[in-house]
Amino acid sequence: MMNKLSFALCFFFLLSGITAMSQSKKLNIVFIGNSITQGGGLAHPQQDAPPVKAWEWLKQAMPDAVINYSNQGVSGSTTVDFLPATNRLFNNVIKAADAFKSDKDATLVFSMVLGTNDSAIEGPNGSPVSPANYKVNVKTILDRLLKDYPGCIIILHHPTWYSPNTQNSSRYLAEGLARLQSYFPVLNTIVAEYRTTHPKQVYIGYTGGFKYFEKHPELFIQEQGKAGIFQLHPNEQGAAQLGVFWAKTIKSVVTRLK
């Protein structure tokens, strides 16, 4: 009797394990962004950029999931650079997403944060981008992604803070910082609008980056600019922290999907 019971229990646990494995989530994440996403200024961006740290955190937090990612952060880029019609940076996003297309069981996630370079007074392509044009650009990018990848999830993070004296080859300064903050309600509105047209597909991501990094200048590379030492790019510690913040939001979104 005991032998039969033991066998039954072993078979039950084996079957449960197989079932759990078959139901494990699969995530393919394409990160869209600028130099902050790319890991600009870091000595080893392929190891320390925020998307890498986000991926590492997600693997630990979701041990039963199979997670892959592609970092499509490009230094100096704006929403203008990522517009599909320009046939530039968006093409690389498509290539990255198409590389995951064969995995039919996976959820495709686009994690996007753009706006820092849009907010500049001059320098980056298209800057300064008004809030109205920023909205048009973001929606143009999203509409194409939703069309090409009908089942995808898009997460829009708020851009992070930079110091009001930021000026390298481009000028940001206090004017740019104010413009950057004007994009936040635009992103919130965009997500609200897609709730009707594309329910459960477009979400607001991490929104605390501005206030958090404003309080922690030690998390930045201290860069010499035309207006003194400025803070724009997270250092190794800051990039790791930002990646974890993004990852927590991604996990929160995907774990409540049905």
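Two strands are taken to pair if DSSP finds at least two bridges between them, and helices (H or I, at least four residues) and strands (E, at least two) are DSSP runs numbered from the N terminus. On that basis, a hairpin joins β6 to β7 through 2 residues. This is a predicted model, in which local features need pLDDT of at least 70 and side-chain atom pairs count only at pLDDT 80 or more, while totals for chains, interfaces and linings use all residues. Residues are numbered from 1 along each chain as its sequence is written, and side-chain values use heavy atoms, with hydrogens and water left out.

- Strand β6 (residues 220-225) and β7 run antiparallel and are joined by 5 bridges, with glycine 225 standing opposite glycine 228 in β7.
- Strand β7 (residues 228-234) is largely enclosed by the rest of the structure, because 5 of its 7 residues are buried, where buried means under 20% relative accessible area, exposed over 50% and partly exposed in between (1.4 Å probe, protein chains only).

- Serine 111, in strand β3 (residues 107-113), is buried with a relative accessible area of 2%.
- Leaving aside neighbours within four places in sequence, serine 111 is in contact (heavy atoms within 4.5 Å) with Ile29, Val30, Phe31, Ile32, Ile155, His157 and Ile250.
- Valine 113 is also found in strand β3 and is buried, at a relative accessible area of 10%.
- With neighbours within four places in sequence again set aside, the contacts of valine 113 are Ile32, Gly33, Asn34, Thr37, His157, His158, Pro159 and Trp246.
- Threonine 78 lies 35 residues from valine 113 in sequence, and the two are 10.0 Å apart in space, C-alpha to C-alpha.

**Helix α6**

- Helix α6 (residues 131-148) has 18 residues and should span 26 Å at 1.5 Å a residue, which agrees with the 26 Å between its end C-alpha atoms; the expected span is 1.5 Å times one less than the number of residues.
- The buried residues of α6 are Tyr134, Asn137, Val138, Ile141, Leu142, Leu145 and Leu146. They cover an arc of only 160° around the axis and therefore lie on the same side of α6, the arc being that of the directions from the helix axis to the C-beta atoms.
- An α-helix has 3.6 residues a turn, so residues three or four places apart point the same way.
- The cover over the buried residues of α6 includes β1 (26-33), α5 (89-99), β3, β4 (153-156), α7 (173-197) and β5, whereas the face turned away from the buried side carries the exposed residues Ala132 and Lys147.

**Aromatic pairs and charges over rings**

- A search of the whole structure finds 12 aromatic pairs, where rings of Phe, Tyr and Trp (its six-membered ring) pair if their centres lie within 6.5 Å, and planes under 30 degrees apart count as stacked, over 60 as edge-to-face and the rest as tilted.
- The rings of tyrosine 206 and phenylalanine 245 are stacked, because their centres are 4.5 Å apart and their planes stand at 20°.
- Tyrosine 206 lies in the loop between β5 (202-204) and α8 (209-214) and phenylalanine 245 in helix α9 (residues 236-255), so the pair ties together parts that are 39 residues apart in sequence.
- Tyrosine 206 is buried at 12% relative accessible area, and phenylalanine 245 counts as buried at 16%.
- Tyrosine 212 and phenylalanine 213 form an edge-to-face pair, 5.4 Å centre to centre with 80° between the planes; tyrosine 212 is partly exposed at 26%, whereas phenylalanine 213 is buried at 1%.
- Ring pairs link Trp161, Tyr206, Tyr212, Phe213, Phe220 and Phe245 into a cluster.
- The charged end of lysine 59 sits over the ring of tryptophan 55, 3.7 Å from its centre, a term that requires NZ of Lys or CZ of Arg within 6 Å of the ring centre and within 35 degrees of the ring normal.
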